[in-house]
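User: Hi! Could you walk me through this model? I'd like to hear about the sheet, the charged pairs and the helix packing.

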Amino acid sequence: RFLRRRTMSATDPRAALAVTARLPPEIRRQCHATVAKIINNIVNNPSELKYRRIRVTNDKFSSTVWNVPGGCELMMAAGFVIDGDAMQLSEAADEARLTRVLDAVRA
């Protein structure tokens, strides 16, 4: 039910940023701010597992990232994978990958 088809690169945030660049400014700002907050929580609290998984049914996440073109692809570029009804940070994701996306959404 929650699985969405992905056509962009799962590791390069540029394609996702190109999509979010076409969004209305407020929607883009909210998407980028939510992604940045999620990544900041992980970087600032690396041992806290609760920040590494977010349900796609979470109202804030759903409205600002999951249902926004390019939003999920930004999360995937940071190292998140779709895991049932959630996005989970892959164990293979590293801080450099998180930082690359964080820098991109802050630019």
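This is a predicted model: local features need pLDDT of at least 70, side-chain atom pairs count only at pLDDT 80 or more; totals for chains, interfaces and linings use all residues.

User: Great, sheet first. In what order do the strands sit, and is the pairing parallel or antiparallel?

Analyst: The order is β1-β3-β2, in an open sheet of three strands with antiparallel pairing. β1 and β2 stand at the edges with a single partner strand each, so one side of each has no neighbour in the sheet. From one strand to the next, the twist averages 25 degrees.

User: How many bridges hold β2 and β3 together?

Analyst: Four, with the two strands running in the antiparallel sense. Valine 81, for instance, has glutamine 88 of β3 as its bridge partner. Aspartate 83 stands opposite alanine 86 in β3.

User: How many bridges for β1 and β3?

Analyst: That antiparallel pair has three bridges. Within it, isoleucine 54 is partnered by methionine 87 of β3.

User: Switching to charges. How many salt bridges turn up in the whole structure?

Analyst: The search finds four. Arg53, Arg55, Asp83 and Asp85 are linked in a network of them.

User: Which partners does aspartate 85 have there?

Analyst: One is arginine 55, and the side chains of that pair meet at 2.7 Å, N to O. This links distant parts of the chain, with arginine 55 in strand β1 and aspartate 85 in the loop between β2 and β3, 30 residues apart. Another is arginine 53, where the closest N and O atoms are 4.0 Å apart. Arginine 53 lies in strand β1 and aspartate 85 in the loop between β2 and β3, so this pair ties together parts that are 32 residues apart in sequence.

User: Are these three residues buried, exposed or something in between?

Analyst: Aspartate 85 is partly exposed, at 24% relative accessible area. Arginine 53 is partly exposed too, at 33%, and arginine 55 also falls in that class, at 43%.

User: Last topic, helix packing. At what angle do α1 and α4 pack?

Analyst: About 160 degrees, with the axes of α1 (residues 13-20) and α4 (residues 71-78) 8 Å apart.

User: Why do those two count as roughly antiparallel?

Analyst: Because angles over 145 degrees count as roughly antiparallel, and α1 and α4 pack at about 160 degrees. The two helices are therefore roughly antiparallel to each other. As for handedness, α1 passes α4 in a left-handed crossing.

User: Which residues make the contact?

Analyst: From α1 they are Pro13, Ala16, Leu17 and Thr20. α4 brings Gly71, Glu73, Leu74 and Ala77 to the contact.

Notes. Residues are numbered from 1 along each chain as its sequence is written. Side-chain values use heavy atoms; hydrogens and water are left out. Buried means under 20% relative accessible area, exposed over 50%, partly exposed in between (1.4 Å probe, protein chains only). Two strands pair if DSSP finds at least two bridges between them. Axes are lines fitted to C-alpha atoms, for helices over the stretch in contact, and angles run from 0 to 180 degrees between N-to-C directions. Angles under 35 degrees count as roughly parallel, over 145 as roughly antiparallel, 65 to 115 as roughly perpendicular and the rest as oblique. A crossing is left-handed if the near helix is turned anticlockwise from the far one by less than a right angle, and right-handed if clockwise. Contact means heavy atoms within 4.5 Å.
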